Structures are given as structure tokens and as C-alpha cells.
Protein chains: 2
Amino acid sequence: MTSALRQFKADIFQGLAHPTRIAIVETLREGELPAGKLVERLELEQANASQHLAVLRAKQIVVSRKLGNQVYYSLRDPVLTKVLDLLRRYFYSQLSETANMLEEIEQESARVK
Amino acid sequence: MTSALRQFKADIFQGLAHPTRIAIVETLREGELPAGKLVERLELEQANASQHLAVLRAKQIVVSRKLGNQVYYSLRDPVLTKVLDLLRRYFYSQLSETANMLEEIEQESARVK
DNA sequence: TCAGTATATTCGCATTTTAGAATGTACTGA
DNA sequence: TCAGTACATTCTAAAATGCGAATATACTGA
């Protein structure tokens, strides 16, 4: 793999490396939304939302178009939602592993008693 | 989506948000490797590699096991390689879009002449 | 036990990221 | 033209990240 590709991937990941930006992307899965709606739904500070949107724009994760007074945002590529879906599965598999671990520890400590 | 899930996803992305860590993960796709081999193949400073490995461990992206003198690393879950594959496609689609754009600009400037 | 090897951790420093406050810009409707 | 709305940008301080140098830890074989 070329170093450019690595840098590119790292940039995408970095763009998504914040809970607020994840929330924005997840919200945009359902379709285009003006910035104001995002602020409202996610209960963000206006400036903060705008900064996170700037990051997502810079990393080419979202695109925006101006419509009158508002700026509508949408996901640039649906592939990203697939990535998020994969991670959801990963998350749950981790969760169940952790649950199993806890259970084992519990049984262990019960046995020791 | 719960905020815990968002934080989890953000953590994964953050763990992958560096070209060196991407390189490590891509290298580990082929299988388990001791830290030293990674240092060698990727031409990293030993301390630096160790720090990046610590990040990957903290985010649960890799697991390690000690074998004698060495520490072998491997990917915790193959799902992550799927994520990287998806991004590779994304990368190339972006590339070709950029190429198209450049071509259009070129044709435009040719027309203007 | 001791030198050598493999890896991890700590330290100091520079850079980046983040949040909120303040301010700027662009558009709309009266 | 002007007040109001929707966003973006800039500034500042705090926190997090990244690097290499130095140091620490753990294991091996003599």
C-alpha cells in the first residue's frame, strides 16, 4: 500500500474520531439536513457544530450546498455508513466478549469461595 | 444510538487515525508478528512503534501475547480489515472523481482558449 | 549471576484538537 | 436599506497527541 493511501485512510479516521462527528454522520444517514437541524437534534453549540462540520468537510466526509439562508449537509459516500454498520457489529461482539469475561470471573470467584 | 456506542466508535477511529497505525494494522492482516518485525518492516523507531502499539492495544484493536523474549501482535477482529477494504474502495472512487474533475477543468480551459 | 536482546515506559517539547465566547459574512423579508 | 436569521471563522486556553532520547523491565543463554 502506498503511503498516500495510508495518509488518506488516516485522514478519514481522524475525521470520524470524535463522538459529535459520529453523531452528525449517523444523523445524516437518513438524508440531507441543514446545519441548524443538526444543532437542534444533537443539542450542540452552534459554533461547535460548525467547527465539527468544517472538519467533516475538510476530510471530504460530507458535502454541503447552500439553499437560501441555510446550508444543507449530506454524506459524500454511502460507503461510510457501511463502515459504521460494520463497527456496530464489532461493538456488540466486544460487548458480549466482555460479558463472557465478567461471567467467567464471577464463576471463578464463586468457585474460590 | 447510545452515546456509549458513539464514544466506542470514535475511539476505534481515533485508534486508526494515524498513518503509522494504519500501516501496522495492514501489516498484521497477514498474521501475527512480533513487535520487532513490525519495526523492521515499517522502518520505525523502536520507541515510536511501541507507543503506537500501546494506542492500538488501548483501543482494543490489536491483542498481544508474550512468547519468550518477544511480544506477538495480531488483529483483535477481522472486521477491521473489512473496514479498511471498504475505505480502499472509497479512496479509489474519490481518486477517480478528482481525476474527472481535473479533466473537466482541462477541457474547459481548452475551450476558453 | 550477568551481558545481551526485545519491548515498554517516561520525559520534555512541539503540534494539534477541542470548547466556548466573540465576531464576521451572507441571505431574507419588511 | 436594515433588522433578523443561519452559518462560519477567529481567538484563547486547556487538553490530547506525537516524537525521539533516555531509561526501565523482562526474558534468555552463557
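# Reading a predicted protein–DNA model

Guide: With a relative accessibility of 71%, A:Glu43 counts as exposed. The classes are buried (under 20% relative accessible area), exposed (over 50%) and partly exposed (in between), computed with a 1.4 Å probe and the protein chains only. This is a predicted model, in which local features need pLDDT of at least 70, side-chain atom pairs count only at pLDDT 80 or more, and totals for chains, interfaces and linings use all residues; side-chain values use heavy atoms, with hydrogens and water left out. Residues are numbered from 1 along each chain as its sequence is written, while chains are lettered from A and ligands numbered from 1 in the order in which they are written.

Visitor: Where is A:Glu43 found in chain A?

Guide: Helices (H or I, at least four residues) and strands (E, at least two) are DSSP runs, numbered from the N terminus. A:Glu43 belongs to the loop between helix 3 and helix 4 of chain A. Its phi is positive, about 55 degrees, although A:Glu43 is not a glycine. B:Glu43 likewise has a positive phi of about 55 degrees without being a glycine, and lies in the loop between helix 3 and helix 4 of chain B.

Visitor: How many helices and strands are there in chain A?

Guide: Chain A has five helices and three strands, which follow the pattern α-α-β-α-α-β-β-α along the sequence. Of its 113 residues, 42% are buried. Accessible areas come from the Shrake-Rupley method with a 1.4 Å probe; for residues, only the protein chains shown count as cover. For chain A the accessible surface is about 6500 Å², and carbon and sulfur atoms hold 49% of that surface.

Visitor: Is A:His52 buried or exposed?

Guide: A:His52 has 8% relative accessibility and therefore counts as buried. This residue sits in helix 4 of chain A. A contact means heavy atoms within 4.5 Å. Leaving aside residues up to four places away in sequence, A:His52 touches A:His18, A:Thr20, A:Arg21 and A:Ile24.

Visitor: Which residues come nearest to DNA strand D?

Guide: A residue is near a strand if one of its heavy atoms lies within 4 Å of it. DNA strand D has 23 residues around it, and A:Gly36, A:Gln46, A:Ser50, A:Tyr73 and B:His52 come nearest.

Visitor: Which polar side-chain atoms lie by a phosphate oxygen of DNA strand D?

Guide: A polar contact is a pair of N or O atoms within 3.5 Å; within protein, one must be able to donate a hydrogen and the other to accept it, and residues adjacent in sequence count only if both atoms are side-chain atoms. Phosphate oxygens of DNA strand D lie 3.3 Å from a polar side-chain atom of B:Gln14 and 3.4 Å from one of B:His18. A base oxygen of DNA strand D is 3.3 Å from a side-chain N or O atom of A:Asn69. Helix 4 of chain A gives the most to the surface near DNA strand D, namely five residues.

Visitor: What does the surface near DNA strand C hold, by class?

Guide: Ala, Val, Leu, Ile, Met, Phe, Trp, Tyr, Cys and Pro count as nonpolar, Asp, Glu, Lys and Arg as charged, and the others, Gly among them, as polar. The surface near DNA strand C divides into six nonpolar, 13 polar and four charged residues. Helix 4 of chain B gives the most to that surface, with five residues. A phosphate oxygen of DNA strand C is 2.7 Å from a side-chain N or O atom of A:Asn48, and one is 2.7 Å from a polar backbone atom of B:Gly36.
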